[in-house]
Amino acid sequence: MKKARLSLAAIAGATVFLWAVPPHARGANPDTERPARQDAGAPATAGHGLAASPASSAGVREPSGELTLRQALEVGLAGNLDLAAFSWEARSGDPRIQQAGLIPNPELGIEFENFLGSEPSRKFETLETTLSISQLVELGGKRAARIRLASSEKEVSIWDYEAKRADVAAEVAKSFVEVLSAQERSALAVEMARLAKEVLDVVSARVTAGKISPVEETKASVAWSISRIDLERANLALEGARKRLAATWGSAKPMFSKAVGQLDRLTPIPPREVLADRISLNPDVARWAAEIEQRKAVLAQDRAERIPNVTISAGIRRFREAEDTTFVAGATIPLPLFNRNQGKILESQYRISKAESERAAAGNRVLAALSDAYQALAAGYVEATTLKAAVLPGAQSAFEATSEGFRQGKFGYLDVLDAQRTLFEATGRYVEALAAYHKAVADTERLVGGELGEPVKSIETK
């Protein structure tokens with residue numbers, strides 16, 4: 001009897017030990033455990049360029065003073081809240097892989113038989129107590145299939161992060177270009193207001209001298225008032241562009257003094273065919289290789305589910321009436337007669353074919369978008385170079401000659417006003433062409449996955 005009691009106590013103690021052993025000793029990661037905190041700015045996933053964690057991005061230092069495009073990109077990528085949310089999804093891949101590699105937990109079972117019946121079992125005299133431990137044994141490579149699936153899901157989430165990161169970078173670049181062009185338009189409006197005031201002073205002096213009609217002074221005064229309205233409008237547009245740029249890194253009030261960059265810097269455009277060959281670097285296209293691998297992993301897991309698992313159990317049984325103890329053992333094996341997971345397997349095969357079609361469709365969409373971006377890029381380049389080389393010098397020379405001739409009484413005020421308006425419109429159009437060119441550069445680089453001058457290396461995937 002003591003031996004029987006000892007056996008029951010031993011099994012119960014072993015079961016309690018398996019349940020109470022520390023998680024790290026079992027290789028588990030309970031939900032109550034917090035992930036290890038990373039240093040601010042450290043990449044979450046090595047080799048994939050993940051930025052700082054969302055917790056550290058909340059403390060991004062607001063840029064002040066002069067702001068370059070490089071600085072804007074750094075603070076924009078570090079402080080963008082949407083990008084931070086994507087980074088958490090990418091980080092969840094490692095815990096998912098860890099969970100996929102865990103084996104099922106054992107089960108403790110206890111059974112009571114032959115009690116509370118008719119005599120003599122009414123008083124527990126014929127009670128039989130069975131204490132057992134059972135373990136599910138997975139067959140068919142299910143654990144390896146789960147790990148493969150979790151790894152492929154991690155790769156897909158990383159590519160989705162890279163696509164969002166490229167979107168944020170393009171948005172920051174275009175917002176920065178908008179600030180540069182708004183600064184140029186504001187400076188142009190200041191210059192036009194100054195010229196209008198100078199012309200008004202000259203007209204007023206000639207009216208006082210009785211050389212021209214007072215009507216000319218009224219026209220000059222109206223032109224000066226309009227130039228001041230244009231200046232106020234340009235300043236408001238500049239402030240709006242500054243706020244939109246600051247919003248890319250989550251700031252409501254821009255602290256930088258001005259954006260610094262060479263808006264008039266134009267580089268030759270590569271041939272369309274060269275850029276089309278580089279769309280495979282686009283994360284929206286490159287992600288589909290990982291997506292197809294993920295769906296193949298689902299198919300492998302579904303095929304592994306065809307093979308039934310085995311549940312084995314062992315324990316001891318105590319007979320109270322006979323004061324005897326025996327050992328029991330058993331195994332449960334499902335018979336795959338009807339459900340062999342054939343529906344899931346066929347579904348996974350169809351989803352792989354769908355992913356291959358979606359990859360081709362994604363490539364076509366990027367090619368179509370690249371065609372539009374390239375057209376805008378070429379148009380902006382041609383317009384900006386033509387204005388700079390042929391239009392602006394002539395407009396500037398005509399305005400200077402007309403202004404000097406007006407001071408000497410050779411031209412009328414309408415001639416000066418027309419030359420001034422021509423110079424203002426040509427310069428403003430030049431700034432708009434430069435802005436359109438650089439925005440098209442940002443869109444094109446987003447589509448080809450790197451700079452126009454040199455391609456970037458594609459992301460290495462496992």
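Two strands are said to pair if DSSP finds at least two bridges between them. By that rule, strand β2 (residues 107-113) and strand β3 (residues 128-137) form a pair, because 7 bridges join them. The structure is a predicted model, and its protein chain contains 12 helices and 6 strands.

**The chain as a whole**

- The protein chain has 462 residues, and buried residues make up 37% of them.
- Among the contacts in the chain with a separation of 6 or more, 78% are accounted for by residues 24 or more positions apart.

**The open sheet**

- Four strands form an open sheet in the order β2-β3-β5-β6, and the pairing is antiparallel.
- The edge strands of this sheet are β2 and β6 (324-332), each of which pairs on one side only.
- From one strand to the next, the twist averages 20 degrees.
- Strands β2 and β3 run antiparallel and are joined by 7 bridges. Within this pair, G109 has S132 of β3 as its bridge partner.
- Strand β3 also pairs with strand β5 (residues 310-319), in the antiparallel sense and over 10 bridges. Here E128 stands opposite F319 in β5.
- The pairing of β5 with β6 is antiparallel too, and extends over 9 bridges. In this pair, T311 stands opposite T332 in β6.
- As a general rule, side chains in a regular strand alternate between the two faces of the sheet.

**Helix α5 against helix α7**

- Helix α5 (residues 81-91) and helix α7 (residues 142-208) have axes that come within 9 Å and cross at roughly 165 degrees. The two helices are therefore roughly antiparallel, since an angle over 145 degrees counts as such.
- The crossing of α5 and α7 is left-handed.
- On the α5 side, the contact is made by D82, L83, F86, S87, E89 and A90. On the α7 side, it is made by S157, I158, D160, Y161, K164, R165 and V168.
- The residues of this contact of α5 with α7 divide into 6 nonpolar, 2 polar and 5 charged.

**Helix α6 against helix α7**

- The axes of helix α6 (residues 93-100) and α7 come within 8 Å and cross at roughly 175 degrees. This angle makes α6 roughly antiparallel to α7.
- Helix α6 contributes G93, D94, R96, I97 and A100 to the contact. Helix α7 contributes R143, R146, I147, A150, S151, E153 and K154.
- By class, the contact of α6 with α7 has 4 nonpolar, 2 polar and 6 charged residues.

**Helix α7 against helix α12**

- Helices α7 and α12 pack at an angle of about 170 degrees, and their axes are 9 Å apart. Helix α7 is thus roughly antiparallel to α12.
- The residues of the contact of α7 with α12 comprise 18 nonpolar, 5 polar and 9 charged.

**Residue T444**

- T444 has its place in helix α12 (residues 413-448).
- T444 counts as buried because its relative accessibility is 0%, and the cut-off for a buried residue is under 20%.
- Leaving aside residues up to four places away in sequence, T444 touches L275, L370, A373, Y374, L377 and L452.

**Residue N341**

- N341 is found in the loop between β6 and α11 (342-407).
- The phi angle of N341 is near 60 degrees, which is a positive value in a residue other than glycine.
- With a relative accessibility of 16%, N341 counts as buried.

**Residue K344**

- K344 lies in helix α11.
- K344 and E305 are 39 residues apart along the chain, and their C-alpha atoms are separated by 9.6 Å.

Key:
Residues numbered from 1 in each chain as written. Predicted model: local features only at pLDDT ≥ 70, side-chain atom pairs only at ≥ 80, totals over all residues. Heavy atoms only, no water. Axes fitted to C-alpha atoms, helices over the stretch in contact; angles between N-to-C directions. Parallel < 35°, antiparallel > 145°, perpendicular 65-115°, else oblique. Left-handed = near helix turned anticlockwise from the far one by under 90°. Contact = heavy atoms within 4.5 Å. Nonpolar A, V, L, I, M, F, W, Y, C, P; charged D, E, K, R; others polar. Buried < 20%, exposed > 50% of the residue type's maximum accessible area, 1.4 Å probe, protein only.
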